[in-house]
Amino acid sequence: MNSLNLAALPGDLLLEVASCLSSRTDILNLALSSKHLFTSTCPVLYAHVHLGTAEQCQRTLSMLHSRPNIARHIQKLYIRFSSSSDYMLDINGIAISALLRELAPKLDVLHTFIWDADEIPQCDDMWFALRMSCPRLRTLGTCYGSVIPSQRSHLLEFKNLRGFSLTLKYGYYTHHSDDFQDALPFDNRLWDMLIRRSPDLEELHVLGGPLILDGTVHPLCTARWPLLHSLSLGDLMLDWSSGPGPMSSKRPFVAFLEAHQRLRFFRTSRTALSPHIITSLDPSALPHLTHFAGSLEHLQALAPSHPQITHLAIEEPLIIRDLAPLSIAGVLQSLHCLTELRIAFVFHSSYESGNLIKNLVSTCPGLTTLEITCARRPSFKVDTLARSVSCLPRLRHLRLTLVPVATGDSLRVCASHVVQAIPRLHSFALTFISASLPLSLTPVEFGLYEQSGNYVIRTDEHGLPHSLSCTERRPALRLPFTLPSIPIPLAVPLLTFSPFASPSPPRERKMRIQQFLLDLRPGTSKYGGLGLILERSTAGDEARVLTVLVALSGLALWGFFA
């Protein structure tokens with residue numbers, strides 16, 4: 001169907017066609033076919049806007065301010081950039097928060113807004129504009145840096161929120177790590193907004209907070225949200241109790257978990273919940289829990305009573321020792337419904353045995369998505385690891401992050417090895433990291449990797465791979481002199497671990513992005529019908545043998561009748 005016939009379809013059908021496209025690039029190409037298609041597909045194309053650099057934020061927000069017909073379709077807006085200087089002198093933060101304040105009246109259907117910069121917005125009126133101009137806004141996300149919100153901040157005036165997230169950046173730990181909750185009056189207003197004025201809260205993600213005084217209980221433990229289904233807690237201290245207490249009493253946070261029976265996603269840390277406390281949790285609690293993220297010790301205490309977990313992320317990297325494969329397999333074998341797994345290993349020496357991956361794969365035969373990180377030492381070659389996980393019959397998405405072998409293959413060659421070993425994959429990603437990367441930054445963020453590539457497999461009418469859509473990223477070369485900056489959006493992998501406290505603030509690096517299509521059957525299209533005979537494969541060998549036999553039979557028949 002050409003673009004003219006497609007443009008003749010009703011607008012609701014065009015929206016259905018655009019929503020069925022899995023790639024935003026495909027949606028963009030469809031929208032650019034004609035003005036009518038662009039207008040019709042705008043609600044899908046601009047429904048979720050994710051801005052990853054300061055330059056991208058300023059340019060896109062300025063465009064949206066001048067094009068209200070586009071801005072009115074934005075439902076989710078995600079702002080992420082790095083500060084250029086101190087809080088009061090950060091020109092990027094001042095400009096972006098001011099642009100958002102001016103843009104707010106044009107965001108008619110906005111229901112989710114996430115501010116993920118290094119500091120809070122310099123223009124606090126931005127929150128007031130969003131609250132007054134966006135009546136559907138029910139999910140907020142913000143962060144604390146070297147400066148925290150004042151007691152009169154407009155951020156704390158929202159009500160009837162359905163989702164809230166709070167992230168603590170590096171500046172917070174360097175300026176407020178020793179502050180107690182009672183010394184931060186704004187924190188009481190924050191929890192008053194979440195507990196008293198948002199009784200229907202459904203999602204809460206708090207990745208840290210101020211300390212609490214000895215003998216006190218965090219306000220979170222007293223909250224009761226009947227609709228809460230997602231809870232993520234980082235380094236948040238909930239109480240100072242040293243033990244579970246008398247048998248008749250429950251720890252405050254354990255009572256909180258037992259009171260929220262609708263929880264489906266739960267992520268915790270050792271600071272928020274000690275692993276030995278989980279044993280006091282009622283076995284019938286959390287009956288709908290399907291997504292869990294925590295340490296291996298958390299999982300050991302939780303898995304026996306919750307075999308229905310389908311998505312698992314082991315947050316703390318596992319240090320490999322002789323008994324490590326057995327301990328991991330012993331925990332995972334009780335999770336019969338597991339379909340997605342994210343796990344990281346730390347190697348202190350080269351690890352050549354395949355028992356680790358074999359045990360991992362044998363205990364999780366139903367995996368559809370697998371993410372493995374191997375840090376500190378070269379551990380596996382990509383082709384060896386791909387062959388180890390190839391026995392997973394349902395695996396469709398794979399992400400490998402590892403320290404490359406010194407004499408290993410290039411990223412492109414490794415990608416072809418993965419396709420040959422696991423042809424049923426839909427997509428996969430490969431990332432090479434440095435052995436000197438700190439443990440806290442082993443999760444690949446901020447572009448701190450040597451090479452990274454995302455690959456989508458394209459198949460023929462028989463379901464066999466014939467080409468690979470590749471997007472590879474490498475750090476841009478640095479020159480000894482300064483040139484005018486050219487904005488290149490930072491590519492951050494989709495699946496990432498949550499960063500631990502880092503010793504120094506990481507800085508974003510500009511990436512050199514290369515996109516291309518890799519033909520997995522070179523020569524087939526070039527030689528037409530002779531492609532199979534000239535192809536270097538098992539099928540090509542059989543075709544050549546068959547051709548020789550046919551030729552010999554023809555010569556024999558010609559000699560017989562001649």
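**Basis of the exercises**

Among contacts (heavy atoms within 4.5 Å) in the protein between residues at least 6 apart in sequence, 73% join residues at least 24 apart. The model is predicted, so local features need pLDDT of at least 70 and side-chain atom pairs count only at pLDDT 80 or more, while totals for chains, interfaces and linings use all residues. Residues are numbered from 1 along each chain as its sequence is written, and side-chain values use heavy atoms, with hydrogens and water left out.

**Exercise 1. State the secondary-structure content and the buried share of the protein.**

Step 1. The protein has 18 helices and 18 strands; these are DSSP runs numbered from the N terminus, helices being H or I with at least four residues and strands E with at least two.

Step 2. Of the 562 residues, 44% are buried. Buried means under 20% relative accessible area, exposed means over 50%, and partly exposed lies in between, with a 1.4 Å probe and protein chains only.

**Exercise 2. Describe how helix α7 packs with helix α8.**

Step 1. The axes of α7 (residues 91–103) and α8 (residues 125–133) come within 8 Å and cross at roughly 20°. Axes are lines fitted to C-alpha atoms, for helices over the stretch in contact, and angles run from 0 to 180 degrees between N-to-C directions.

Step 2. The two helices α7 and α8 are therefore roughly parallel. Angles under 35 degrees count as roughly parallel, over 145 as roughly antiparallel, 65 to 115 as roughly perpendicular and the rest as oblique.

Step 3. The crossing of α7 and α8 is left-handed, a term for a near helix turned anticlockwise from the far one by less than a right angle, with right-handed used if clockwise.

Step 4. On α7, Ser-97, Leu-100 and Arg-101 meet Asp-125, Met-126 and Ala-129 of α8. By class, this contact of α7 with α8 has three nonpolar, one polar and two charged residues. Ala, Val, Leu, Ile, Met, Phe, Trp, Tyr, Cys and Pro count as nonpolar, Asp, Glu, Lys and Arg as charged, and the others, Gly among them, as polar.

**Exercise 3. Describe how helix α5 packs with α7.**

Step 1. The axes of α5 (residues 54–66) and α7 come within 10 Å and cross at roughly 25°. Helices α5 and α7 are therefore roughly parallel to each other, and their crossing is left-handed.

Step 2. From α5, the contact includes Cys-57, Leu-61 and Leu-64, and from α7 it includes Ile-96, Leu-99 and Leu-103.

**Exercise 4. At what angle do helix α2 and helix α4 pack, and which residues meet?**

Step 1. Helices α2 (residues 11–19) and α4 (residues 35–45) pack at an angle of about 60°, with their axes 9 Å apart. The crossing of α2 and α4 is right-handed.

Step 2. Leu-14, Leu-15, Ala-18 and Ser-19 of α2 meet residues of α4, among them His-36, Leu-37 and Val-44. The contact of α2 with α4 comprises six nonpolar, four polar and no charged residues.

**Exercise 5. Where do the buried residues of helix α15 lie around its axis?**

Step 1. In α15 (residues 382–389), the buried residues are Val-382, Leu-385, Ala-386, Ser-388 and Val-389.

Step 2. These residues cover an arc of only 160° around the axis, which puts them on the same side of α15; the arc is that of the directions from the helix axis to the C-beta atoms.

Step 3. An α-helix has 3.6 residues a turn, so residues three or four places apart point the same way.

**Exercise 6. Is Leu-286 buried or exposed, and where does the residue lie?**

Step 1. Most residues other than glycine have a negative phi. Leu-286 has a phi near 55°, a positive value in a residue other than glycine.

Step 2. Leu-286 lies in the loop between β8 (265–267) and β9 (291–294) and is buried, with a relative accessible area of 1%.

**Exercise 7. Characterise the surroundings of Leu-332.**

Step 1. Leu-332 lies in helix α13 (residues 324–332) and counts as buried at 1% relative accessibility.

Step 2. Not counting residues up to four places away in sequence, Leu-332 touches Leu-299, Leu-312, Leu-338, Leu-341, Leu-360, Thr-363 and Cys-364.
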